[in-house]
Amino acid sequence: MRTRPTIAAAALTAAVTLLLSGCGGSDSEDSGKDEIAGADTGASASASPSPSSSDDGIERPEVTLPQGVKDVFEGGETGDDEKDAVLADHERNMTAIDAAITGDQAAAQPAVKFYNKDAALLLAAEYIQSFYDDDRSFVGTTRYYKREVTLLKDGAAALTYCIDGTKTYPKDRKTGKVNKSIPASADDYTFVTERLEKNDQGVWQSAKVTSGAGAEKCM
């Protein structure tokens, strides 16, 4: 992949500790970098907002993407209210993770905890931390598509979807330079399966995630 490692890698306890404690993985000398990525820190007015709030009365963390970063979600309405709620929280979760990666602040992101639990939270924490460890980020548009929801008998939901990263480009976090010279390839597609569970607040949280090469299923 041009911008990201596969999110199927083993989760690291150290990464989730950083996420839960609010400590950053950045080596920046600016003490302000310890603030939470995506939180209200006076971000640019041009930042992209998180998916619109629903009328379900749930108080959700505010999430913004920095200028030059965009998430596009296809297939958000199925005609089934419960499935649509699953897809809406999935959108908010993906935007929260991308905001934690691409923001200038530390890797802590309250919305990541809000939309993830158990193994999925560990995995999201490691995934985010890996970018800070390598002093990298990305810009561009990430497309999420072929999203299909199955409501399970135990009350959970199974979600499958594809990620297209062909319009995203790696960014050096220290220099700010973006590399657009790398051509798109089959490695820029990922196929993901998630198990989501509704918590007491009514939020659909990702509980388990598996992913792999998506060239055959997603192109």
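1. Overall pattern. Read along its sequence, the protein chain follows the pattern α-β-β-β-α-α-α-β-β-β-β-α, and it holds 5 helices and 7 strands. Helices (H or I, at least four residues) and strands (E, at least two) are DSSP runs, numbered from the N terminus.

2. Origin of the values. This is a predicted model, in which local features need pLDDT of at least 70 and side-chain atom pairs count only at pLDDT 80 or more, while totals for chains, interfaces and linings use all residues. Residues are numbered from 1 along each chain as its sequence is written, and side-chain values use heavy atoms, with hydrogens and water left out.

3. Confidence. The pLDDT, which is the predictor's confidence in each residue on a scale from 0 to 100, averages 79 over the protein chain, and 73% of the residues score at least 70. Over residues 5-50 the pLDDT is below 50, although this stretch has 87 contacts in the model beyond near neighbours in sequence; contact here means heavy atoms within 4.5 Å. Where pLDDT is low, the predicted coordinates should not be read in detail.

4. An open sheet is formed by 5 strands in the order 3-4-5-6-7, with mixed pairing, where two strands pair if DSSP finds at least two bridges between them. Strand 3 and strand 7 (204-213) are the edge strands, each pairing on one side only. From one strand to the next the twist averages 25°.

5. Neighbouring strands. Strand 3 and strand 4 run parallel and are joined by 5 bridges, and valine 69 stands opposite glycine 140 in strand 4. Strand 4 pairs with strand 5 (residues 157-172) in the antiparallel sense over 13 bridges; glutamate 148 has threonine 160 in strand 5 as its bridge partner, and valine 149 stands opposite leucine 159 in strand 5. The hairpin of strand 4 and strand 5 has 5 residues between the strands, and in this hairpin glycine 155 takes a positive phi near 95°.

6. Helices against the sheet. Helix 2 (residues 81-102) lies across strand 3, strand 4, strand 5, strand 6 (189-198) and strand 7, and runs at about 165° to strand 4. Helix 4 packs on the sheet too, touching strand 4 and strand 7, and its direction makes about 60° with that of strand 7. For such angles, axes are lines fitted to C-alpha atoms, for helices over the stretch in contact, and the angles run from 0 to 180 degrees between N-to-C directions.

7. Aromatic pairs. Rings of Phe, Tyr and Trp (its six-membered ring) pair if their centres lie within 6.5 Å, and planes under 30 degrees apart count as stacked, over 60 as edge-to-face and the rest as tilted. By this rule the count comes to 5 aromatic pairs. The rings of phenylalanine 73 and tyrosine 144 are stacked, because their centres are 4.9 Å apart and their planes stand at 15°. Phenylalanine 73 lies in strand 3 (residues 69-73) and tyrosine 144 in strand 4 (residues 136-151), so this pair ties together parts that are 71 residues apart in sequence. Ring pairs also link Phe73, Tyr144 and Tyr161 into a cluster.

8. Why is the pair of tyrosine 127 and phenylalanine 131 edge-to-face? The ring centres of tyrosine 127 and phenylalanine 131 are 5.5 Å apart and the planes are at 80°, so the pair takes that name. Both residues lie in helix 4 (residues 118-133), 4 residues apart, which is about one turn of the helix. Arginine 136 lies over the face of phenylalanine 131, at 4.3 Å from the ring centre, where a charge sits over a ring if NZ of Lys or CZ of Arg is within 6 Å of the ring centre and within 35 degrees of the ring normal.

9. Burial. Buried means under 20% relative accessible area, exposed over 50%, and partly exposed in between (1.4 Å probe, protein chains only). Phenylalanine 131 is buried because its relative accessible area is 0%, and tyrosine 127 is buried at 9%. Glutamate 194, whose place is in strand 6, is buried as well, with a relative accessible area of 3%. Not counting residues up to four places away in sequence, glutamate 194 touches several residues, among them His90, Met94, Tyr161 and Lys208.
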